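Subject: Structure handover

Hello,

Here is the structure I said I would pass on. My notes on it follow below the display.

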Amino acid sequence: MYLHLGNDTIIRKDDIIGIFDLDASTLSYKTRDFLAEAEKNGRVVNVSMELPKSFVVCREKDGCKIYICQLSPVTLIRRASQLGHPAE
């Protein structure tokens with residue numbers, strides 16, 4: 001199954017590692033460092049044309065990719081749950 005993140009971006013649900021609230025998660029310096037390092041390595045994809053609310057970490061063959069999304073984590077989890085097993 002697939003999860004639509006917005007702006008024509010679709011990811012495989014099986015590849016999702018986690019869905020995170022951007023405001024709450026970036027309070028931690030470890031999360032900010034993780035996101036900064038991922039961006040420096042070209043692993044961040046911004047699919048938001050508006051104020052971002054969440055980020056989704058997905059596994060790839062050679063590491064992970066982070067999608068910055070304008071949808072709330074609750075909305076993404078609800079969408080994922082409606083497609084089958086929850087992506088929590």
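Phe-55 is found in strand E5 of this predicted model. With a relative accessible area of 3%, Phe-55 is buried. Leaving aside residues up to four places away in sequence, Phe-55 touches Gly-18, Ile-19, Phe-20, Asp-21, Leu-22, Ser-25, Thr-31, Leu-35, Ile-66, Tyr-67 and Ile-68. One of these, Asp-21, is 34 residues from Phe-55 in sequence, with 6.6 Å between the two C-alpha atoms.

Tyr-67 has a contact list of its own. Again not counting residues up to four places away in sequence, Tyr-67 touches Leu-5, Thr-9, Ile-11, Val-45, Val-47, Ser-54, Phe-55, Val-56 and Cys-58.

Now the cores. The largest nonpolar core has 13 residues. Those with the most contacts inside it are Leu-5, Ile-11, Ile-16, Val-56, Tyr-67 and Leu-76. Two or more residues each come from strands E1 (2–6), E3 (16–21), E5 (54–60) and E6 (63–69) and from helix H3 (73–82). As general background, nonpolar side chains in soluble globular proteins tend to be buried together.

Which residues of H3 are buried? They are Pro-73, Leu-76 and Ala-80. Seen down the axis of H3, these buried residues fall within an arc of 65°, so they line one face of the helix. In an α-helix there are 3.6 residues a turn, so residues three or four places apart point the same way. The cover over the buried residues of H3 includes E1, E3, E5 and E6. Val-74 and Gln-82, on the other side of H3, are exposed.

Next, a loop residue. Ser-48 sits in the loop between strand E4 (44–46) and E5, and is buried, at a relative accessible area of 9%. Its side chain reaches the backbone oxygen of Glu-50 at 2.5 Å. Ser-48 also touches Asn-7, Ile-68, Cys-69 and Gln-70, with residues up to four places away in sequence not counted.

Asn-7 is not a glycine, yet has a positive phi of about 50°. Asp-8 is found in the loop between E1 and E2 as well, and also has a positive phi, about 60°, without being a glycine. For comparison, most residues other than glycine have a negative phi. How exposed is Asn-7? Asn-7 is partly exposed, with a relative accessible area of 39%, while Asp-8 counts as exposed at 78% relative accessibility.

Last, the chain as a whole. Its secondary structure comes to 3 helices and 6 strands, and from the N terminus on the order is β-β-β-α-α-β-β-β-α. The radius of gyration is 12 Å, close to the 12 Å given by the globule rule for 88 residues, so the chain is as compact as a globular protein of that length. Along the principal axes, the C-alpha atoms fill a box of roughly 35 × 30 × 25 Å. Of the 88 residues, 35% count as buried. Among contacts with a separation of 6 or more, 48% are between residues 24 or more positions apart. The chain exposes about 5600 Å², and carbon and sulfur atoms supply 52% of that area.

Regards

Notes: Residues are numbered from 1 along each chain as its sequence is written. This is a predicted model: local features need pLDDT of at least 70, side-chain atom pairs count only at pLDDT 80 or more; totals for chains, interfaces and linings use all residues. Side-chain values use heavy atoms; hydrogens and water are left out. A nonpolar core is a set of buried Ala, Val, Leu, Ile, Met, Phe, Trp, Tyr and Cys residues joined through side-chain atoms within 4.5 Å. Buried means under 20% relative accessible area, exposed over 50%, partly exposed in between (1.4 Å probe, protein chains only). Helices (H or I, at least four residues) and strands (E, at least two) are DSSP runs, numbered from the N terminus. Contact means heavy atoms within 4.5 Å. The arc is that of the directions from the helix axis to the C-beta atoms. A polar contact is a pair of N or O atoms within 3.5 Å; within protein, one must be able to donate a hydrogen and the other to accept it, and residues adjacent in sequence count only if both atoms are side-chain atoms. The radius of gyration is taken over C-alpha atoms; the globule rule is 2.2 Å times the number of residues to the power 0.38. Accessible areas come from the Shrake-Rupley method with a 1.4 Å probe; for residues, only the protein chains shown count as cover.
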